[in-house]
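Dear colleague,

I am passing on the structure that we spoke about, and I would be glad if you could look through it alongside the notes below.

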Amino acid sequence: MMSLTRSYGAAGLALSVMAGFAVTPPSVAGQTAPVMVTSDTPQYCLHLLDQVSELMRLAPAPPPEVTSLSTAGQRMCGQGHTRGGIMRLRRALVLLKEHSLPP
Amino acid sequence: MFRSAGVRFAVVYALLLAASAAALALFLWWSTAGLLDRQTETAIRADAQGLSERWEEGGLPALVLTIDERLSGNVDDDAVYLLTNARMQRVAGNLAGWPSIVREPDTWYELPVQRAGILSLALVWRYDLPGGYHLLIGRDVQVRAQLRRLLTDALLWALVIVAAMAVAGALIVRSLLRRTLANVSTTANAIAAGDFAQRVKLSGRGDEFDQLAEVINDMLDRIGRLMDGVKQVSNAIAHDLRTPITRARARLEEASLRASSPEALRAAIDRATADLDGIVAVFQALMRISEIEAGSRRSAFATLDLAPPLADLAELYGAVAEEKGVTLSADIPERLPAHGDRELIQQAVANLLDNAVKFSPPGGTVRLQARPAAAGVEVLVADQGAGIPPEDLKRATERFFRGESARSTPGAGLGLALVQAVAQLHGGTLRLEDAAPGLAATLSLPAPEEPAHG
Amino acid sequence: MRILVVEDDKDVAGFVVRGLREAGHVVEHADNGRDGLFMAASESFDAVILDRMLPGGIDGLKILETLRGQKNSVPVLILSALAEVDERVKGLKAGGDDYLTKPFAFAELLARVEALARRGKTEGPVTKLVVEDLELDLLSRQVKRAGQKIDLQPREFRLLEYLMRHAGQVVTRTMLLEGVWDYHFDPQTNVIDVHVSRLRQKVDKPFPVPLIQTVRNAGYMLRAERA
């Protein structure tokens, strides 16, 4: 009876330890300073706007969402909501690229 | 604490629970966070594949352009690229600089990044390109990190709950077990204290505990019967044996005080010796009966042919019968297979024959008849003597019982008690009936449960 | 005969030793297990009377097992207060030749010991038993006395055979029951006496000299040749 208890105990313990290890992150580097991502700055916003404008000039008839998206994106970037603006501008770009692809 | 069976059961239960919970958690992790991991790695690799093709097609400018394109189209804002030259100067991508921790190529790194002031985590892979260029491709895995944290918390809570359940379970199981066993132990205590009529209560469910209770009750019944037998014997000894002991003592005392000659003394001593022998014989018979009732001889059972020993007995007692003018008629088949202890059966039938011849009138007949019966073997001994009056028939097999009519004949009254004990040991019966006139005693022995071999 | 008595109870031992010496035997006595084993193993006896419960760490059964282990086949009669059938079986299984429970009648003990010792000395298979003018032919199952044929039932033949094989020795009723009827209990009534008296009618009555003697308080004896 006790030997059975012991084997179950060992199995349970082993599984729990394994689960514990799986759950903790592998190589958490020491307290390094995080690297800055540069694609969420107002400068990047302008960069995207330039691309949008360029494509809109070349495109024949842009779909209405593109216009609203790029306008909204520009406004948000101007107000400081950089990430939201960048996301809208990116969406606008994706739509424009799809639109300008030859059928 | 670990001597309690209840606690042991509970511990096993708890550990099983923990093991199952851990297994479940592991599976959950693998199928969620693990899946995300694999998806991310696949995406990064596909990305790398695409970029390398561009590099081969158009060299550095093409690569720079592609990286820029990818970034522009990264609506989910989760991609990380960095292309540097041999001097680790940034050429393209959206990282401020080469992260110091990413030293080796072909290894996954988890890189803390900062997006718009928010700390996040990215999974990155380093590629070294010809010309000394280094390319870093990665994806944001903040979601996975959060999921991992979520799962860890859940697991820890689960462990706490399991621990709590284990303790509760231990207490419940232990009290359950205690309650079921309490029944047995209270009864046992009551019996140990002397209340022998107690029996273990059955719950009526017919489960293993009930079966155990039934077995214990059977055992108690048997002990009760044996104890009654002992009480019977003590009473009988007190009543029936003191007489010959007293008689012997009185004779010796008288001889010692008043014997007139050496011959008288010797005669008194001889009579006392005979008395003592008689008492010893009674004790021997009593012990024999107890031995038989205790069942210790059952292991000596064997398959045997009863015909020869019965014929021997008929012949042995035939001569005695003839002396008394009594006819002994024996009706025994050629072969009579039976199962049991030969010596015991012999002694039982001899006792019956002895009684029959003793109580037969001159000119009467004693019948010994043996035959196979539906459930084994039947041996009948019938005489034409005074018989046993109906009201005494039931008590005839008690130790030391002697009916009124038998008081004058020698014997201690143990003969039928022994036959009864032998019958019971073999799982059979002794039937005493009025043969009008006389007594008909039938000893029935059952066949063994399994068919005899050979 | 040389007999060894291993018994620790002083009274019983004295009783037995004196009785055996009076019967004309040479008797040695040991009152504990170690001495008993030593004497039995180192000297030769015609029979050994062995008590089961002995002091000294070596009990009767152990002595018996040791002797038999040494291939010593001296006839042993076990004397014991343990009367249960299982104990009897145990004793005989350990190598004992006969088993007598206490209390016992000295005549019974003497008869059995002498029978045991005689048994050890048989000269091999015999076809004919002869005592005085009584002849018993084992092959043809015929009995003749003084030339005259005697008609015996099979059981009477067996009874006479047993008495003749133990001619000159006391044969107790219990021995007869065991040897002739294979019956191992003590019946209260004297069933044996009836059979012996019937045998006497056929074997002794028609002839001048009675061979079957009654030994008071003991049993019977078939008288051997007169010295």
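This is a predicted model: local features need pLDDT of at least 70, side-chain atom pairs count only at pLDDT 80 or more; totals for chains, interfaces and linings use all residues.

Residues are numbered from 1 along each chain as its sequence is written, and chains are lettered from A and ligands numbered from 1 in the order in which they are written.

Chain C contains eight helices and 12 strands, where helices (H or I, at least four residues) and strands (E, at least two) are DSSP runs numbered from the N terminus. Of its 227 residues, 34% are buried, a residue being buried if 20 or more other C-beta atoms lie within 10 Å of its own, exposed if 12 or fewer, and partly exposed in between, with C-beta atoms placed from the backbone. Among the contacts in chain C with a separation of 6 or more, 58% join residues 24 or more positions apart; two residues are in contact if their C-beta atoms, placed from the backbone, lie within 7 Å.

Helix H7 of chain C (residues 173-181) has C:Thr174, C:Met175, C:Leu176, C:Val180 and C:Trp181 buried. The cover over these buried residues includes helix H6 (307-323) of chain B and, from chain C, helix H5 (106-119), helix H6 (154-165), strand E10 (171-172) and helix H8 (191-203). Just after H7(C), C:Asp182 takes a positive phi of about 55°.

The contact between chains B and C takes 20 residues from chain B and 19 residues from chain C. On the chain C side, H8(C) gives the largest share, four residues, and the residues of that side divide into nine nonpolar, four polar and six charged. Here Ala, Val, Leu, Ile, Met, Phe, Trp, Tyr, Cys and Pro count as nonpolar, Asp, Glu, Lys and Arg as charged, and the others, Gly among them, as polar.

In chain B, the axes of helix H5 (residues 262-293) and helix H9 (residues 415-425) come within 9 Å and cross at roughly 15°, axes being lines fitted to C-alpha atoms, for helices over the stretch in contact, with angles running from 0 to 180 degrees between N-to-C directions. H5(B) and H9(B) are therefore roughly parallel to each other, since angles under 35 degrees count as roughly parallel, over 145 as roughly antiparallel, 65 to 115 as roughly perpendicular and the rest as oblique. B:Ala285, B:Arg288, B:Ile289, B:Ile292 and B:Glu293 in H5(B) meet B:Ala417, B:Leu418, B:Ala421, B:Val422 and B:Leu425 in H9(B), and by class this contact has eight nonpolar, no polar and two charged residues.

B:Val422 also belongs to the largest nonpolar core, where it is among the six of 107 residues that touch the most other members, together with B:Tyr317, B:Val349, B:Leu353, C:Val48 and C:Ile49; such a core is a set of buried Ala, Val, Leu, Ile, Met, Phe, Trp, Tyr and Cys residues joined through C-beta atoms within 7 Å. Helix H7 (residues 342-359) of chain B supplies the largest share of this core, 10 residues. A second, separate core of 23 residues includes B:Val80, B:Leu95, B:Trp125 and B:Leu136.

In chain A, A:Leu101 lies in the segment after helix H4 (82-100) and counts as exposed, because it has 7 C-beta neighbours inside 10 Å.

With best wishes
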